[in-house]
Amino acid sequence: MATIIEKTGKTVEDALSAALAELGVTAEEVEYTVLEEPSKRLFGLLGAKPAKIQVRLKEIPAPVVESKPQEPIETFEATVEEKFELTEEPAPVETETEPAEVESTFNKSDVIDTAKNFLAEVFAAMNIDVNIDAVENPSEVVLNLSGKNLGVLIGKHGQTLDSLQYLTNLAANNHEAAEKVYFVLDIENYRARRAEALKKLAKSVAERAIRTKQDVRLEPMSRGERKIIHTVLQENDKVETHSAGEEPYRYIIVSPKKRER
């Protein structure tokens, strides 16, 4: 039986289950390394990529022979996070001067250019002619997109635009840099129209939470859209809001406030 195998699956869990079935062992008897994270289809254009893992059987300690006592061997049970780290390649040694070098090379204009180039490549792959105009604000950079028939880039409730905005922020920013640029994508003033719709939605959801005395969970939204909901409902002393989930599927829960007795 092979002691090291590679498996793929729709998710990491699926790949691990397939590996355990082939090896005929349980999860406690193996260690695994994630070689490739799964990815979903991008706007229905690019194919999804499955998860790929490498699974290794743990070494079984030799039985202790009573007639020949040996010195006790120190063992430890690693946590899941530790097992994962042990199977990863050693990270390069960082010197004390590296953070300063990363911070010193930050250039906002370069980050903006990277974002615009990323979008240009996406639009070229989609065969769409789009003009990109960057407007710098204190807390964000708005990339206004203009052209013909750009409704396909907005999607239902702006979901396609939000996904593209999320990918742009990932592609443009260096995650090791001390400073980052937050990008907002807009098409023909769509964000302003969406903001008005969200304000009405926030008030409607608050009324529902108060009436039913139950939490109301909204659909996943971008950081900017969640901020609108939170801001509107801060003025309502009968409800409270909080965000849950992980990006890009983070959402808001509106809860009725309990009356103090």
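First, some ground rules. This is a predicted model, in which local features need pLDDT of at least 70, side-chain atom pairs count only at pLDDT 80 or more, and totals for chains, interfaces and linings use all residues. Residues are numbered from 1 along each chain as its sequence is written, and side-chain values use heavy atoms, with hydrogens and water left out.

Let's start with the whole chain. Its secondary structure comes to seven helices and nine strands; helices (H or I, at least four residues) and strands (E, at least two) are DSSP runs, numbered from the N terminus. Of the 261 residues, 30% are buried, where buried means under 20% relative accessible area, exposed means over 50%, and partly exposed is in between (1.4 Å probe, protein chains only). Now look at the contacts (heavy atoms within 4.5 Å). Among those with a separation of 6 or more, 58% are between residues 24 or more positions apart.

On to the helices. Two packed helices are described by the angle between their axes and the distance between the axes. Here the axes are lines fitted to C-alpha atoms, for helices over the stretch in contact, and angles run from 0 to 180 degrees between N-to-C directions. Take H4 (residues 108–125) and H5 (residues 159–172): their axes come within 9 Å and cross at roughly 130°. The two are therefore oblique to each other; angles under 35 degrees count as roughly parallel, over 145 as roughly antiparallel, 65 to 115 as roughly perpendicular and the rest as oblique. On the H4 side the contact includes Val-111, Phe-118 and Leu-119, and on the H5 side Leu-164, Leu-167 and Ala-171 are among the partners. By type, the contact residues are 10 nonpolar, two polar and no charged (Ala, Val, Leu, Ile, Met, Phe, Trp, Tyr, Cys and Pro count as nonpolar, Asp, Glu, Lys and Arg as charged, and the others, Gly among them, as polar).

Next comes H6 (190–212) with H7 (223–233). These two pack at an angle of about 45°, with their axes 9 Å apart, and that makes H6 oblique to H7. In H6, residues such as Arg-191, Leu-198 and Lys-199 take part, meeting Glu-225, Ile-228, Ile-229, Val-232 and Leu-233 in H7. This contact divides into eight nonpolar, no polar and five charged residues.

Stay with H7 for a moment. Its buried residues are Glu-225, Arg-226, Ile-229, His-230, Val-232 and Leu-233. They cover an arc of only 170° around the axis, so they sit on the same side of H7; the arc is that of the directions from the helix axis to the C-beta atoms. The buried residues of H7 pack against H5, H6, strand S8 (239–244) and strand S9 (251–256).

Finally, the loops. Most residues other than glycine have a negative phi. Glu-188, in the loop between strand S6 (183–187) and H6, has a positive phi of about 50° although it is not a glycine. Glu-188 counts as exposed, at 56% relative accessibility. At Lys-213, in the loop between H6 and strand S7 (216–217), phi is also positive, about 55°. Lys-213 is exposed, with a relative accessible area of 70%.

Val-152 lies in the loop between strand S5 (141–146) and H5, and at 49% relative accessibility counts as partly exposed. Leaving aside residues up to four places away in sequence, Val-152 touches Ile-128 and Thr-160.
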